[in-house]
Amino acid sequence: MSQTVRGVVARAKGAPVEVVPIVIPDPGPGEVVVAIAACGVCHTDLHYREGGINDEFPFLLGHEAAGVVESVGAGVDSVNVGDFVVLNWRAVCGQCRACKRGQPQYCFSTFNATQKMTLEDGTELSPALGIGAFADKTLVHAGQCTKVDPTADPAVVGLLGCGVMAGLGAAVNTGGITRGQSVAVIGCGGVGDAAIMGARLAGAGTIIAVDRDDKKLAWATDLGATHVINSTSVDPVERIQEITGGFGADVVIDAVGRPETYKQAFYARDLAGTVVLVGVPTPDMTLELPLIDFFSHGGSLKSSWYGDCLPERDFPTYVDLYQQGRLPLEKFVTERIGIDDVEKAFDTMHRGEVLRSVVVL
């Protein structure tokens, strides 16, 4: 039997979101219904509302979530009723060419639930990143559920479902930061600050935070930055080179995703250094650089998709580190809000006043 719960829906481009009744079907083969405990308010949800992802309205928003498995469909053996899980949008298939060559973090055929959640009139909903977790309950593929320590705070560990994992992974997985290296992170919102935390966890010696907002730079310092640069007053490339003995950083992470910040990252790295793009550009953005500069600098230019994470490997590890007090993920939770406050949280986020607002259900 289906059930009706509350959910946050974006009906049209740019329109305020609404809390409305939504219908959750019983899980089919390979599917799971999860009772949501908490879900972070991410920029990606705002992009969905603004039509920046696609135009498949209405959207059921929310995707940085943790909760408890309520029911499972036929053939599900990876999770059981009562398991505490963090949701992810990379349910690896195990069969594509990336999976078969031992790189499931690049899976090219990830899973989502087959059935559709709907409005009460039967209108099908498009769940954000295949999750749709601004809701009392949601329907996902079993592979989107990763079991973690059930005593962990869901408002904290649910953030691994997107932004925090993207930043941590950009540093640890994509950037491959090692002990003693120098790192610069451009853009100190949630993803950038998570990259700073990841650089610290990996043992980086010098961690340089770059932003235009002193409040964000203060957050970055609290999360591990050893140096800060306000790019409104100094040239960040010159300052990064100065801090690193005139050479540039070993790894530079662009957590903004604009042509101008990417150029800064490119020229702020040392010879044979690495640039990691984790900020998401818009489709209209283009980049122009002299080809000789690509040749003469050497090194690696990488993009990081979801922090190149493997949820089954990474989520439990980071939750355990958080539980041990070695990874202060709780610092990302700026405020806890109700499901009716999502639209207000978008405004707060747009003004740069929070790292994360988290809906607690």
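**Figure 1. Salt bridge between Lys331 and Asp222.** The side chains of Lys331 and Asp222 form a salt bridge, with N and O 3.3 Å apart. The pair connects distant parts of the chain, since Lys331 is in the loop between H10 and E17 and Asp222 is in helix H6 (residues 214–222), 109 residues apart. Lys331 has a relative accessible area of 34% and is therefore partly exposed. Asp222, with a relative accessible area of 45%, is partly exposed. The model shown here and in the other views is predicted.

**Figure 2. Salt bridge between Asp153 and Arg336.** Asp153 and Arg336 form a salt bridge in which the closest N and O atoms are 2.7 Å apart. Asp153 belongs to the loop between E10 and H3, and Arg336 to strand E17 (residues 335–337), so this pair ties together parts that are 183 residues apart in sequence. The relative accessibility of Asp153 is 21%, so Asp153 counts as partly exposed; the cut-off for buried is under 20%.

**Figure 3. Further salt bridges.** Arg258 and Glu260 are joined by a salt bridge, their closest N and O atoms being 2.7 Å apart. Arg258 is partly exposed at a relative accessible area of 39%, and Glu260 counts as partly exposed at 42% relative accessibility. Elsewhere, salt bridges link Arg49, Glu50 and Glu343 in a network. The count of salt bridges comes to 12. Side chains of opposite charge can pair when their charged atoms come close.

**Figure 4. Helix H10 and its buried face.** Helix H10 (residues 311–323) has 13 residues, which at 1.5 Å a residue should span 18 Å; the end C-alpha atoms are 17 Å apart, in agreement with this. The buried residues of H10 are Pro311, Asp314, Phe315, Tyr318, Val319, Leu321 and Tyr322. Viewed down the axis of H10, these buried residues fall within an arc of 160 degrees, so they line one face of the helix. An α-helix has 3.6 residues a turn, so residues three or four places apart point the same way. The packing partners of the buried residues of H10 are strand E6 (84–87), strand E10 (145–147), helix H3 (154–157), helix H4 (163–174) and helix H5 (190–202). Gly325 follows H10 and has a positive phi, near 80 degrees.

**Figure 5. Packing of helix H8.** Within helix H8 (residues 259–268), the residues Thr261, Tyr262, Ala265, Phe266 and Ala268 are buried. The buried residues of H8 pack against helices H7 and H9 and against strands E11 (182–186), E14 (249–254), E15 (269–277) and E16 (300–303).

**Figure 6. Nonpolar patch at Leu291, Phe294 and Leu301.** Leu291, Phe294 and Leu301 make a nonpolar surface patch of about 280 Å². Leu291 is located in helix H9 (residues 291–297). With 67% relative accessibility, Leu291 counts as exposed, because the cut-off for exposed is over 50%.

**Figure 7. Surroundings of Val234.** Val234 sits in the loop between strand E13 (227–230) and helix H7 (236–243). Val234 counts as partly exposed at 38% relative accessibility. Apart from neighbours within four places in sequence, Val234 is in contact with Ile229 and Arg239. Ser304 is 70 residues from Val234 in sequence, and their C-alpha atoms are 28 Å apart in space.

Figure 8. Most residues other than glycine have a negative phi, and most peptide bonds are trans. Phe57 and Pro58 are joined by a cis peptide bond, with omega about 0 degrees. Pro58 is in the loop between helix H1 (43–49) and strand E4 (59–60). Ala272 is not a glycine, yet has a positive phi of about 65 degrees. Ala272 is part of strand E15 and counts as exposed at 57% relative accessibility. Asp308, likewise not a glycine, has a positive phi of about 45 degrees. Asp308 is in the loop between E16 and H10 and is buried, with a relative accessible area of 8%.

Definitions and conventions. Residues are numbered from 1 along each chain as its sequence is written. Side-chain values use heavy atoms; hydrogens and water are left out. Patches are made of residues with over 30% relative accessible area and no salt bridge: like charges are joined within 9 Å, nonpolar side chains (Val, Leu, Ile, Met, Phe, Trp, Tyr) within 5 Å. Accessible areas come from the Shrake-Rupley method with a 1.4 Å probe; for residues, only the protein chains shown count as cover. A salt bridge is a side-chain nitrogen of Lys or Arg within 4 Å of a carboxyl oxygen of Asp or Glu. Helices (H or I, at least four residues) and strands (E, at least two) are DSSP runs, numbered from the N terminus. Buried means under 20% relative accessible area, exposed over 50%, partly exposed in between (1.4 Å probe, protein chains only). The expected span of a helix is 1.5 Å times one less than its number of residues. The arc is that of the directions from the helix axis to the C-beta atoms. Contact means heavy atoms within 4.5 Å.
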